[in-house]
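Morning, everyone. I'll walk through one model, a few spots at a time.

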Amino acid sequence: MSDRQLAAGIAIGKVVLGWFRLLDDPGAVLIRPSQAIDPYPHYERIRARGKVVPSKLGMLLVSDHELCSAVLRDPAFGVAPNKEIGQPDPGLNGLVNPLEDSFIFRNPPEHGRLRRVVSPLFTPRAMQERQGRVEAIVDEFLDQLAGREEFDLVDEFASRVPIKIICDLLGVPDTAHRRMTAWGTTLAASIDGMGSMAQVRELRSTLRELNDFLAERIKLRRAEPNDDVIGHMLAEGGLTDFELLASSGLLLAAGFETTVNLIGNGVLALLANPSARQRLVDDPSAADNIVEEILRLDPPIQYTARLPLAGAKLAGRDVPAGKVIVLLTAAANRDPAVFPDPHRFDPDRPNAREHLTFSSGVHYCLGAGLARMEGAIALRALFRRFPDLRLSGAVQRRASRAVRGPLHLPVRVTSRQPAAIA
Ligand code: HEM
C-alpha cells in the first residue's frame with residue numbers, strides 16, 4: 001500500500017468516524033478522545049442497550065462478563081483472520097511490529113507453537129525465584145527518591161520499575177531504558193489505530209529502531225549464549241529471525257506498557273481509599289487482593305477483540321466470519337451480575353480475581369503472575385516509604401482509549417529524616 005493510499009484511508013476513516021459520532025453510534029463514541037478521561041459512564045450506556053450492541057462501524061460491542069469470558073475461551077473465535085505467519089503489514093514497509101506479528105495476534109496452532117517457547121520462563125516457580133530481584137529493583141528506585149519532596153510518580157517510579165524488570169529478563173542493558181520508554185509510548189498509542197500520517201511515520205521510525213536494536217541483541221546472544229529470554233529462545237531453536245524479533249519485541253512492549261499503568265492506576269485508587277492504603281502497608285497478606293481489585297476496577301487494558309473464524313453464534317444471533325467483536329473487558333469487570341456494587345473499590349471483594357483484565361482462554365496474559373507480583377511489591381513499598389504521599393498537581397492521562405493510566409502523576413511527600421538515636 002502506498003503512502004498516498006494510506007493517507008486517503010486515514011482521512012476517509014476520520015470523516016466516517018466523525019459522522020457516526022454525531023449519530024451517537026456506540027462504537028464511534030468509544031473512540032472519542034474524552035473516553036480516555038473517563039470511559040466508565042459510556043460502558044454503562046452500552047450495557048443498558050443489551051448484551052450485544054451493534055455499531056455502524058461494522059463491529060459488535062460486548063460488555064457482559066459471561067459473554068466476554070465465553071468468547072475469549074471459545075476456539076471458534078480468533079484474534080485475527082487466519083493468515084500466513086511472516087507476512088508483515090504492507091503499510092509498515094516490511095518492519096516487524098511485535099503487536100501484530102507476534103503470537104498475541106496469531107490463532108492456534110501457530111499461537112501455541114510460539115507461546116510454548118517462552119512460557120517456561122513465566123511459570124509461578126520462575127516468578128517466585130525472581131521475587132527478590134523485583135524487591136531489589138523497587139527499593140533501588142525508591143532510594144533514588146530519598147530527600148525529594150515533589151516528583152512525577154510515573155516518570156520516576158511507575159515506568160522505571162517495570163522497564164528495568166523486563167529488560168533484566170531480556171538481558172537488555174540499563175543504557176537502553178530511556179529509549180524503551182519512548183518506543184513503548186508509541187507502540188501503545190498505535191493500538192488505538194492510526195490517526196494521521198505523522199503517527200504512521202512515528203510508528204515506522206520506532207519499529208525501525210526497535211527492530212535494529214533487537215536484531216543486535218539476538219546477534220550478540222548467538223555469539224555469547226546465556227539463559228536470559230533471548231538466550232532461551234535461541235537455545236530452544238525452531239524460530240525464524242522474524243519470529244525471534246516478534247516474540248522478544250512482544251515481551252518488551254507487553255512487559256512494561258501495561259504494568260506502568262497498573263502502578264499508576266493503583267496509586268490513584270489507593271489515594272482515593274485511605275483505609276485500603278493503610279491495610280496495604282500494615283498487612284502484607286492484604287496486598288494480593290488489593291491488587292486484584294485495582295486490576296478489576298481500573299484496568300490498564302480496557303478492551304480486546306475477537307472475530308469468528310467461520311460463522312458463529314453470539315448470544316443466540318448469527319455472526320458472520322470476520323465480524324469484529326469488541327470485548328469491553330473493563331466494562332465486564334463492572335458487570336453487576338458478577339460483582340455486587342461494581343463501581344465501589346472493595347479491598348475485601350471475595351471474587352475480585354474473576355476480572356478479565358488479563359483476558360482469558362489461550363491468550364491469557366503470559367505475564368499476569370509477574371505483573372501481579374510487581375504491582376503488589378511496588379505499591380506496598382511505595383506507601384511504606386512515603387506514608388503521606390499525596391497529589392501535588394493535575395493528573396495527566398494517556399490519550400489512548402485501549403490503554404488506560406496516568407501519563408504524569410505529580411506527587412508530594414514529606415521527606416523523612418532518619419530517626420534520632422536516643
Ligand atoms: C497489569 C499488567 C498487564 C496487563 C493488564 C496485561 C494484559 C494483557 C491482555 C489483556 C492480554 C491478552 C490480549 C487478548 O486476549 O487479546 C495479554 C497478553 C499478553 N501479555 Fe500481558 N498484561 C500485563 C502485563 C504483562 C507482562 C508484565 C508481561 C511480561 C512479559 C506480559 C506479556 C504478555 C504476553 C506475552 C501476552 C500474549 C499472550 C498470548 O497471546 O498468548 N503482560 N496481556
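Start with Ser55, in the loop between strand 1 (52–54) and strand 2 (59–62). This is a predicted model, by the way. Is Ser55 buried or exposed? Its relative accessible area is 7%. The cut-off for buried is under 20%, so Ser55 counts as buried. What does Ser55 touch, leaving aside neighbours within four places in sequence? Asp25, Gly27 and Ala28. Now take Ala381, 326 residues apart from Ser55 along the chain. Their C-alpha atoms are separated by 44 Å.

Which protein atom is the donor to the iron of the ligand? It is SG of Cys365, 2.3 Å away, and the protein supplies that single donor. Cys365 sits in the loop between helix 17 (329–332) and helix 18 (368–385).

Stay in that loop. Ser359 lies between helix 17 and helix 18 too. Its phi is near 70°, a positive value in a residue other than glycine. Ser359 is also buried, at 15% relative accessible area.

For backbone checks, keep the background in mind. Most residues other than glycine have a negative phi, and most peptide bonds are trans. Ala315 has a positive phi as well, near 45°. Look for Ala315 in the loop between strand 6 (312–314) and strand 7 (317–319). Then there is a cis peptide bond, joining Pro108 and Pro109, with omega about 5°. Pro109 falls in the loop between helix 5 (98–101) and helix 6.

That takes us to helix 6, residues 110–118. Its buried residues are His111, Gly112, Leu114, Arg115, Val117 and Val118. What do they pack against? Helix 12 (229–236) and helix 13 (241–257).

Last item: helix packing. Two packed helices are described by the angle between their axes and the distance between the axes. For helix 14 (residues 259–272) and helix 18, the angle is about 45° and the axes are 10 Å apart. The pair is therefore oblique. The crossing is right-handed.

Who meets whom there? Helix 14 brings Thr259, Leu262, Ile263, Gly266, Val267, Leu270 and Leu271. Helix 18 brings Ala371, Glu374, Gly375, Ala378, Leu379, Leu382 and Phe383. By class, that contact has 10 nonpolar, three polar and one charged residues.

That's my tour. Over to you.

Notes:
Residues numbered from 1 in each chain as written. Predicted model: local features only at pLDDT ≥ 70, side-chain atom pairs only at ≥ 80, totals over all residues. Heavy atoms only, no water. Donors = N, O, S within 2.8 Å, 3.2 Å for Na, K, Ca; no water. Helix = DSSP H or I, 4+ residues; strand = E, 2+ residues; numbered from the N terminus. Axes fitted to C-alpha atoms, helices over the stretch in contact; angles between N-to-C directions. Parallel < 35°, antiparallel > 145°, perpendicular 65-115°, else oblique. Left-handed = near helix turned anticlockwise from the far one by under 90°. Contact = heavy atoms within 4.5 Å. Nonpolar A, V, L, I, M, F, W, Y, C, P; charged D, E, K, R; others polar. Buried < 20%, exposed > 50% of the residue type's maximum accessible area, 1.4 Å probe, protein only.
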